[in-house]
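Have the sequence and the model open side by side as you read.

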Amino acid sequence: MKGLISQIQHYSTKDGPGIRTTVFFMGCNLHCKWCANPETILPGKKIMYHKQKCMGCGTCVQAAPPFSIRLTEEGCVIDRKLCTNLNDMVEICPYDAYEERGQEIGVEELRRKLNRDIIFYRSSGGGVTFSGGEACQQRDFLLEVMRLLKEDGIHMALDTAGNWEYERVLPLLELADLILYDIKAFDSGLHWACTGVGNERILENARKIAGMKKNMHIRLVLVPGVNDQREDVLERFRFVRSLGDAVRQTDLLPYHRLGVGKYQALGIPYELLEIQEYSEDQVEKLKELAKKERLAVTVGG
Ligand code: SF4
Ligand code: SF4
């Protein structure tokens, strides 16, 4: 069985306790406007063009069908419909300006890669985090990997946006030691506007996981003027509190613009170009709001 992953990130200190290796899966069933990993939203391999690495040598222009890649002062301009051999540019470019994302990997191969850092997991109380995209989209592959890592005694966190059928994902939840659970809006209409899907099932699944007494970290992405309406934020805080003791940590994740370059590299538009990051004062106010609702929060995750 093969899985399709975007990236394996070693020595991460986010996405759960200790030193971790995070596996980013391809494919997601949400489409968040602020997604920092747009290369993972749609399944399948993607070619990214990194302008900052381009030396303007023109080799790719020569190798591509006529007019499909143009060299300009701003770097290469790629017509992705016309360029039928974009995949080849990863090998052709002498400066590694093209990068392929989306790597097929077998269960045993991934297990081996994740076991390489076991000494760091043990010494730091860390482990492996499955993220994405939505890792649960590749449920059968992930289940095999998790079964093996459980045998290896590795701590596993599952980072999910919760938009799945509970019974189908239950075996993954049972194997996970920690669930990192995103709640992107409380009002379903707002959720729909921000992500392309309603959230009834997501909230229901959060309640079910809390009922399993699984350790949960809830993650609340907040984007200025997009999903940070005061009433909705308050409702999210209240909902998190209603989940009870299962929630060990609540992370406020203030919007950042780190993903913008990826949109350019993929040649896709970024909807939130006008949105700026919060100031420190604004983040403090959000923390205060949580405090008033008697919810302990951390910033970042
Ligand atoms: S081959 Fe690479 S360095 Fe040369 S123009 Fe194309 S992207 Fe730039
Ligand atoms: S759930 Fe995560 S990976 Fe999927 S679109 Fe939203 S931010 Fe991106």
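Asp 96 is exposed, with 10 other C-beta atoms within 10 Å. In this predicted model, a residue counts as exposed if 12 or fewer such atoms lie within that distance. You will find Asp 96 in the loop that runs between helix 2 (89-92) and strand 6 (98-101). Its backbone deserves a look too: Asp 96 is not a glycine, yet it has a positive phi of about 55°. As background, most residues other than glycine have a negative phi, and most peptide bonds are trans.

Tyr 11 has a positive phi of about 55° and is not a glycine. This residue is part of strand 1 (residues 2-12). Is Tyr 11 buried or exposed? Tyr 11 is exposed, with 12 other C-beta atoms within 10 Å.

The peptide bonds hold a further detail. Between Gly 132 and Gly 133 the bond is cis, with omega about 20°. Gly 133 sits in the loop between strand 8 (127-131) and helix 5 (139-151).

That pair of glycines leads us to a ligand. Gly 132 and Gly 133 are among the residues that surround ligand 2, and so are Glu 134 and Ala 161. The shell also includes Cys 28, His 31, Cys 32 and Cys 35, along with Leu 30, Asn 37, Thr 40 and Ile 41. By class, the shell around ligand 2 has six nonpolar residues, five polar and one charged.

What surrounds ligand 1? Here you will find Cys 54, Cys 57, Cys 60, Cys 76 and Cys 93, together with Met 55, Gly 56, Gly 58, Thr 59, Leu 71, Tyr 95 and Ala 97. This shell divides into nine nonpolar and three polar residues, with no charged ones.

Now step back to the domains. Domain 1 is made of two segments, 2-43 and 102-299, while domain 2 covers 46-99. Their C-alpha centres are 33 Å apart. Where the domains meet, seven residues of domain 1 are in contact with seven residues of domain 2. On the domain 1 side, those residues comprise two nonpolar, three polar and two charged.

Next, the interior. In soluble globular proteins, nonpolar side chains tend to be buried together. In this model, the largest nonpolar core has 60 residues, and the members touching the most others are Leu 142, Met 156, Leu 158, Ile 179, Tyr 181 and Leu 222. Take Met 156: beyond its neighbours within four places in sequence, it is in contact with Gly 127, Val 128, Met 146, Leu 149, Leu 175, Ala 176 and Asp 177. A separate core of 14 residues lies apart from the largest one, and its members include Cys 76, Leu 86, Met 89 and Tyr 98.

Finally, consider the chain as a whole. Its secondary structure amounts to 11 helices and 13 strands. The radius of gyration is 20 Å, close to the 19 Å that the globule rule gives for 301 residues, so the chain is as compact as a globular protein of that length. The C-alpha trace spans about 60 × 45 × 35 Å along its principal axes, and 39% of the 301 residues count as buried. Among contacts with a separation of 6 or more, 72% join residues 24 or more positions apart.

Terms used: Residues numbered from 1 in each chain as written. Chains lettered and ligands numbered in written order. Predicted model: local features only at pLDDT ≥ 70, side-chain atom pairs only at ≥ 80, totals over all residues. Near = placed C-beta within 6 Å. Nonpolar A, V, L, I, M, F, W, Y, C, P; charged D, E, K, R; others polar. Domains from an automatic or database assignment. Contact = placed C-beta atoms within 7 Å. Core = buried A, V, L, I, M, F, W, Y, C linked by C-beta atoms within 7 Å. Buried ≥ 20, exposed ≤ 12 C-beta atoms within 10 Å, placed from the backbone. Helix = DSSP H or I, 4+ residues; strand = E, 2+ residues; numbered from the N terminus. Rg over C-alpha atoms; globule rule 2.2 N^0.38 Å.
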